[in-house]
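Here is a friendly first tour for anyone who has just opened this entry. Please keep the sequence and the 3D view side by side as you read.

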Amino acid sequence: MIGRFLSGRGIPLASLMLVRQPVRLAVALAGISFAGILMFMQLGFRDGLFDASVTVHRLFDADIVLISPRSTSSVSMAGFPRRRLVQTMALPEVEGITPVHWNLLLWRNPQTRGTRSILALGFEPGDPLFVDPTLAPKAQVLTQKGRVLFDEKSRPEFGPVAEWFRDGRIVESEISGKRVRVAGLIELGSSFGADGNLLTSSETFLELLPNTPPGSIEVGLVRLQQGTDAEAVVEKLNALLPEDVTVLTKQGFIDFEQNYWRTSTSIGFIFTLGAAMGFVVGCVIVYQVLYSDVSDHLPEYATLMAMGYKLRTLLGVVVREGLLLALFGYLPAYAAGQGLYLLVRSATALPVAMDFSRAMTVFSMILVMCMASAGLAMRRLVDADPAEIF
Amino acid sequence: MTVLSYPAQYQGADVVSTVKIENLSHWYGRGSMRRQVLQSVDLQIAAGEVVLLTGPSGCGKTTLLSLIGALRQVQQGDVRVFGQQLQGAGRGQRQLLRRRIGMIFQGHNLLRCLTAEQNVQMGADLLEGFSYRGRRDQAREWLRAVGLEDHLSKLPQDLSGGQKQRVAIARALAARPQLLLADEPTAALDSGTGREVVELLKRLAREQACSVLMVTHDPRILDVADRLVKMEDGRLLQAIE
């Protein structure tokens, strides 16, 4: 049966029935593609937003991250005692640590003078912060007080900082009422919680936020010796440290952030619902097309049954029509999805890209859509009574 | 005609009578609407015989045809086709039997989305044990036999009525039936074409040793029959030789 299906022996009835009715085929393919595009967009936005929420998280040069148990997400990071981070040095696996200050501060746009909140990270300029090795030389300038490194991928609302800086102008602005000077550019990317980023030294950071309790940090980065099992060290640290600090692997830190957006906001729900709408619309269109196709050909199906074809063979024709529609409706949706992702990336700087798992998800949704519709349309086929055709 | 020679596996099996009907009655509707359309019909068709069935419309000819063609469940009486009892036969059994019966309809009932050649091949595809190419060659051979070798790749909508009916004949015969049922095959054709089509049908059926039961109103084609059977009000009148 399967061999017969694959070898294509016999007349390709399903494809001929579709091809010989070009208008109906076009409507069906347009409907399926539209549904596919809708699903690609909604799921793409959803995953893109979740991805974007951890743009900075991914960059940290750390195997283990310490945060306060009171922190809920990147937009509300609480402080914890810095000595907890120092305590981790007691373990022989730990190679190095970097204490990081993390807060949202008000940045004044040097052009329009409007303010907007920006994510500021404070660290000791000599400490490793990001995996990217180009940061270390740039960080040297931060040893001077009141200097910041500005993320050139920040949204344009923060002002034409990168352009001015490249033009050789001195870019000065104000954070929390204190004057700062842009001493260099870095590339991080805007995220969900923060439209822009800047780096500064711990010293400058504390100057900008004088109310920070001494010895309190928001994030502690821990680097381990090569080849150490991070999970095992996390367990050791949990046993070693008191409960005023949460120990996570780097992946755990990323998950912690994504989980916040997933569960504590309605973003996931909204976009999943959007994708579901696309699915339903697609179902209705494919069902309509297949149903009217079967209805129109009912006398022909009845003739085939009178000739001695099995009902199962004819059901197979409908199933194949569904499969073909799924396949040829998916391809344009995939292509359009690629194009739209490109558009979204350039317009919003959201990291939206076609990944294999989403491509497969949408394909299986379209497949389910077409198969379910074919299944419903088949019920019409059972009405084909060969006795009626004489 | 080597491709079309009669296959060995179909020879020999109950050649005495292709169709044997005894005391067949049939009703339509239920309860007070129940109406008898066939009353104690007896009929035999021998192998290779060409039988014409005539009678006024509504007398039950088509019902008889659909019962012999295993398209309908037999309600009362015996219907044996190729020696197989149809009384109480299930869906699957009837479907298998239909593969051995060729049918030609009043309308041609061709598949609109297939070319003439592909339509005929839908008939040839019912045969087992032939390659795709073999079945396609047979389809072409049959179209040549009905004189349509120049119209292989035309769609039904581009063919004339007579041509369509000839494609339908080729399709019915391509499945190598031992019994051919035809319901007014000339109804949609002018007299000359009708005559031509019926003679073609008879000649090809003869070559295949295939029995034919044809329902017709058309007085111009009665002479092609070996035997003429008249029907009135659900009863068969005595056979006219």
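The notes below go from the contact between the chains to helix pairs and then to single residues.

This is a predicted model, in which local features need pLDDT of at least 70, side-chain atom pairs count only at pLDDT 80 or more, and totals for chains, interfaces and linings use all residues. Residues are numbered from 1 along each chain as its sequence is written, while chains are lettered from A and ligands numbered from 1 in the order in which they are written.

**Where the two chains touch**

- In chain B, 24 residues are in contact with 18 residues of chain A; contact means that the C-beta atoms of two residues, placed from the backbone, lie within 7 Å.
- On the side of chain B that touches chain A, the elements giving two or more residues are α1 (61–68), α2 and α3 (116–124) of chain B. Helices (H or I, at least four residues) and strands (E, at least two) are DSSP runs, numbered from the N terminus.
- The largest share of that side of chain B, 4 residues, comes from α3(B).
- By class, the side of chain B that touches chain A has 11 nonpolar, 7 polar and 6 charged residues. Here Ala, Val, Leu, Ile, Met, Phe, Trp, Tyr, Cys and Pro count as nonpolar, Asp, Glu, Lys and Arg as charged, and the others, Gly among them, as polar.

**Helix α2 of chain B**

- Which residues of helix α2 (residues 91–98) of chain B are buried? They are R94(B), Q95(B) and R98(B). A residue is buried if 20 or more other C-beta atoms lie within 10 Å of its own, exposed if 12 or fewer, and partly exposed in between, with C-beta atoms placed from the backbone.

**Two helix pairs**

- In chain A, the axes of helix α13 (residues 311–348) and helix α14 (residues 356–381) come within 8 Å and cross at roughly 150°. Axes are lines fitted to C-alpha atoms, for helices over the stretch in contact, and angles run from 0 to 180 degrees between N-to-C directions.
- α13(A) and α14(A) are therefore roughly antiparallel. Angles under 35 degrees count as roughly parallel, over 145 as roughly antiparallel, 65 to 115 as roughly perpendicular and the rest as oblique.
- The crossing of α13(A) past α14(A) is right-handed: a crossing is left-handed if the near helix is turned anticlockwise from the far one by less than a right angle, and right-handed if clockwise.
- Among the residues that meet are L314(A), L315(A) and V318(A) in α13(A), and A359(A), F363(A) and I366(A) in α14(A). The contact of α13(A) with α14(A) has 19 nonpolar, 3 polar and 1 charged residues.
- In chain B, the axes of α3(B) and helix α5 (residues 161–174) come within 6 Å and cross at roughly 25°. α3(B) and α5(B) are therefore roughly parallel, and α3(B) passes α5(B) in a right-handed crossing.
- The contact residues include A116(B), N119(B) and V120(B) of α3(B), with V167(B), A170(B) and R171(B) among those of α5(B). The residues of this contact divide into 8 nonpolar, 2 polar and 1 charged.

**Residues with a positive phi**

- Most residues other than glycine have a negative phi.
- R113(A), although not a glycine, has a positive phi of about 70°. R113(A) sits in the loop between β3 (94–108) and β4 of chain A and is exposed, with 10 other C-beta atoms within 10 Å.
- N23(B) is not a glycine either, and has a positive phi of about 55°. N23(B) belongs to strand β1 (residues 17–28) of chain B and counts as exposed, with 12 C-beta neighbours inside 10 Å.

- Leaving aside neighbours within four places in sequence, R140(B) is in contact with E117(B) and L152(B).
- K178(A), in strand β7 (residues 178–186) of chain A, is partly exposed, with 14 other C-beta atoms within 10 Å.
- Leaving aside neighbours within four places in sequence, K178(A) is in contact with E207(A) and L208(A).
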